Amino acid sequence: MNIPLLGLKKQYEAIKDEIIPATMEVYQSQRFILGPKVEELERKIAAYTKVKYAVGVSSGTDALLISLMSAGIGPGDLVVTSPYTFFSTAGSIARLGAIPVFVDIDNLTYNIDPGKLEKSISGLNPGERSRLRAILPVHLFGQCADMDDIIAIARSLGIPIIEDAAQAIGAEYMSSDGSLKRAGSMGNYGCFSFFPSKNLGSFGDGGMVTTNDEEAFQRLKIMRVHGSQPKYYHKVIGGNFRLDALQAAILLIKFNYLERWTEKRRKNARIYRVLFARKAIRGIELPFEGKGRHIYNQFVIKIDQKRDELKRYLTNQGIGCEIYYPVPLHIQECFRYLGYRPEDCPVSLEAAAKTIALPIYPELREEQIEYIVEKIGSFYKDNISS
Ligand SMILES: *Cc1c(COP(=O)(O)O)cnc(C)c1O
């Protein structure tokens, strides 16, 4: 059986009769940059995320970059983030001349650990403390970071939160008062990616920034077009951070399916749980699911032994799988100048060494999940003696 990691071809087959005419409309209009399709998508994403405003941008990376720029982050500023994430989370900070401060993750959720965050901040000297300008939590794999504590810390310091919600559209966090909040609605900025492999993926690059702050919204819109307002008059330096009309047209079709797809992913996760429980393979930890809504951009298991051998074995069996992420950011070569030692973030190191993502896409069929769990079971039966 051949089971890819992602089901994008299947998804396209199912909706192409809607996608093709929607793109034709854009061809006929010959309006490719921003415009009504982008505005419609912005309204829909804002409503879905439960925020007042949304600004379509060129990628998830640019969503992070423009948010940091809008928050006034610049050379020498410190921004706290997670080392266990896709590169662009910290890359965007460093590109502005600011300094990423890596705080290790929680062992269960893989998201930044608020206890360690507090400790790391209290360990800063007064000079560093005064340059601490933002917290950038990541909602990794589709599950929200522990926002209650992060918000309390940011408030006490008077600094903004920029949420990296690139993997978390529609994810919900249950705050201590029992209310459910959507990823991207809890900080000052929420950053989304429409990279094809994300839960809501375009046919190319795209992204969105969400905010409840009217001033930030106006600034983002200006910065998206090189800081130009009115045209050819520049008070601030922005960039070309625009979203294409073509991508917006495709995303508007796909958006109608997002809730259904999300629930299918969650159902697939439940099927995995039942099947893994039945097999009772030792040394496998399934994804932790907290009180909110995990949207499973990835279904990531942690295994005690022979992770890399398992990956090779599954690949040979035709099962797509991937390691997110093999090298935590605090020990990436490009960040050597920051002076971190591997043991500074031990939980991230362990996650990088032991986790593997399995297929979870909505089009996955139950017998395919059975096959995957079956194969993992036989790999460990043959390879681990009890
Ligand atoms: C995908 C992703 C990004 C970057 O999004 P792009 O659209 O690829 O630029 C940033 N952060 C995280 C956590 C991501 O998964």
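Predicted model: local features only at pLDDT ≥ 70, side-chain atom pairs only at ≥ 80, totals over all residues.
# A tour from the ligand outward

Helix H3 supplies the largest share of the shell around the ligand, three residues. Residues are numbered from 1 along each chain as its sequence is written, and side-chain values use heavy atoms, with hydrogens and water left out.

## The ligand site

Select the ligand and the 16 residues that surround it; the closest are Gly60, Thr61, Gln167, Ser193 and Lys198. Coloured by class, the shell divides into five nonpolar, nine polar and two charged residues. In this scheme Ala, Val, Leu, Ile, Met, Phe, Trp, Tyr, Cys and Pro count as nonpolar, Asp, Glu, Lys and Arg as charged, and the others, Gly among them, as polar.

An N or O atom in the Asp164 side chain is 2.8 Å from a nitrogen atom of the ligand. The side chain of Gln167 places an N or O atom 2.7 Å from a ligand oxygen atom, and a polar side-chain atom of Ser193 lies 2.6 Å from an oxygen atom of the ligand. The ligand taken alone exposes 380 Å², of which the protein buries 94%; accessible areas come from the Shrake-Rupley method with a 1.4 Å probe, and for residues only the protein chains shown count as cover. To see the elements that give two or more residues to the shell, select helix H3 (60-70) and helix H4 (88-95).

## Salt bridges

The whole structure holds 20 salt bridges, each defined as a side-chain nitrogen of Lys or Arg within 4 Å of a carboxyl oxygen of Asp or Glu. Begin with Glu259 and Arg182, whose closest N and O atoms are 4.0 Å apart. This pair links distant parts of the chain, with Glu259 in helix H10 (residues 258-279) and Arg182 in strand E7 (residues 180-182), 77 residues apart. Buried means under 20% relative accessible area, exposed over 50%, and partly exposed in between (1.4 Å probe, protein chains only). Glu259 is partly exposed at 32%, whereas Arg182 is buried at 9%.

Move to Lys279 and Glu374, which meet in a salt bridge of 3.4 Å, N to O. Lys279 lies in helix H10 and Glu374 in helix H13 (residues 366-383), 95 residues apart. Lys279 is partly exposed at 34%, and Glu374 is partly exposed at 43%.

Then select Asp344 and Arg341, a salt bridge with its closest N and O atoms 2.7 Å apart. To view a network, select Glu172, Arg182, Glu259, Glu263, Arg266, Arg273, Glu289 and Arg293, which are joined by salt bridges that share partners.

## Cysteines

The structure contains zero disulfides, a disulfide being a pair of cysteine sulfur atoms within 2.5 Å. Cys144 is buried, at 9% relative accessibility.

## Backbone and loops

Go to Thr81 in strand E2 (residues 78-81). Thr81 is buried, with a relative accessible area of 0%, and its side chain reaches the backbone oxygen of Leu136 at 2.7 Å.

Most residues other than glycine have a negative phi, and most peptide bonds are trans. Inspect the bond from Gln229 to Pro230, which is cis with omega near -10°; Pro230 lies in the loop between helix H8 (214-223) and helix H9 (245-255). Another cis peptide bond joins Tyr324 and Tyr325, with omega about 5°, and Tyr325 sits in the loop between helix H11 (307-316) and helix H12 (346-354).

Finish with two residues of positive phi. Gln30 has a phi of about 55° and belongs to the loop between helix H1 (8-29) and helix H2 (36-49). Tyr296 has a phi near 50° and is in the loop between strand E10 (284-285) and strand E11 (299-303). Gln30 is exposed at 55% relative accessible area, whereas Tyr296 is buried at 0%.

Conventions:
Near = heavy atom within 4 Å. Polar contact = N/O pair within 3.5 Å; in protein donor to acceptor, adjacent residues only side chain to side chain. Helix = DSSP H or I, 4+ residues; strand = E, 2+ residues; numbered from the N terminus.
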